[in-house]
Amino acid sequence: MFETFLFVLLAVVTTIAAILVIVQRNPVASVIYLIITLFCLAGIYLLLSAPFIAVIQVLVYAGAIMVLFLFVIMLLNLEKEKKLIYRNRLQKVLGVFLGVVLLAQIGMIFSSVLLEGSKGKFPAEKVAALGNTEVIARLLFTDFLLPFEIISVLLLVAIVGAIVLAKKQI
Amino acid sequence: MVSLSSYLILSAILFSVGVVGFLLRRNTIVIFMSIELMLNAANLAFVAFARFLDSMDGQVFVFFVMAVAAAEAVVGLAIIMAMYRAKENVNADEMNLMKW
């Protein structure tokens, strides 16, 4: 019962904050609402018994990435947008319409397809006994070793790319 | 016990909000935030499926998605900075350097 209450609370706050992200004129306010969204998602990950993911959600997303966004907004010294949408009304109507159609399509898929699959090797009790972080670490360095190494190369490329792009003369 | 479909519906709503923001907004930084919203919706679906199918692969994939999102944000924001230097604003409508 308490779990359901927590989920409904977090889901409502997440949805409202997500909508506020895209309707704010001031980008700084958008970032603040996005941080609220990400914090609530971290709470939902805790409900799903994924504490490691919840912690890196707060550290990496709400911490590092959002601070990066704020830095860039402050550096660019943007003024508020005069209008939320610059083009004609058709774009607004069409955009919202397409969003609703997409939501309906995803909802139809979720309600029509049987969301079942073969059960994996890690039921919640076993993960709790072994330790969530330990299980993820063991998987990362055994089954997912190659993607893990590729991610390190990707991050290196991103660092080099960001430095090159930030130079005065490109 | 909250069912799997509640989590998936929340994920679908978040993804749709991200898509609408991406389509409507002209400010490149807000477009980027919409992309982050969509990535988070996908992450939520991953974790929910991982929990309800007794598998840990979904959580490992969320780890990878976060790393890719971080790399994408860094490079994208660097591009926005470069565009701002050239154009003095970040409006997506005015970014036409690659057009011919």
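**Notes on a predicted two-chain model**

1. Let's start with a helix you can check yourself. Helix α3 of chain B covers residues 57–87, which makes 31 residues.

2. Next, step back to see how chain A is laid out. Chain A is divided into domain 1 (1–75), domain 2 (85–117) and domain 3 (119–170). Between the C-alpha centres of domain 1 of chain A and domain 3 of chain A there are 21 Å.

3. Is Q91(A) buried or exposed? With a relative accessible area of 13%, Q91(A) counts as buried, because the cut-off for buried is under 20%. A polar atom of the Q91(A) side chain lies 3.3 Å from the backbone oxygen of L23(B).

4. L23(B) turns up again on the surface. Together with L90(A), L94(A), F97(A), L98(A), V101(A) and F22(B), L23(B) forms a nonpolar patch with about 620 Å² of accessible area. Both α4 of chain A and α1 (4–24) of chain B supply at least two residues each, and α4(A) gives the most, with five.

5. Finally, pick out one member of that patch. L94(A) also sits in helix α4 of chain A, and L94(A) is partly exposed, at 45% relative accessible area.

Technical notes: Residues are numbered from 1 along each chain as its sequence is written. Chains are lettered from A and ligands numbered from 1 in the order in which they are written. This is a predicted model: local features need pLDDT of at least 70, side-chain atom pairs count only at pLDDT 80 or more; totals for chains, interfaces and linings use all residues. Side-chain values use heavy atoms; hydrogens and water are left out. Domain bounds come from an automatic or database domain assignment. Helices (H or I, at least four residues) and strands (E, at least two) are DSSP runs, numbered from the N terminus. The expected span of a helix is 1.5 Å times one less than its number of residues. Buried means under 20% relative accessible area, exposed over 50%, partly exposed in between (1.4 Å probe, protein chains only). A polar contact is a pair of N or O atoms within 3.5 Å; within protein, one must be able to donate a hydrogen and the other to accept it, and residues adjacent in sequence count only if both atoms are side-chain atoms. Patches are made of residues with over 30% relative accessible area and no salt bridge: like charges are joined within 9 Å, nonpolar side chains (Val, Leu, Ile, Met, Phe, Trp, Tyr) within 5 Å. Accessible areas come from the Shrake-Rupley method with a 1.4 Å probe; for residues, only the protein chains shown count as cover. A salt bridge is a side-chain nitrogen of Lys or Arg within 4 Å of a carboxyl oxygen of Asp or Glu.
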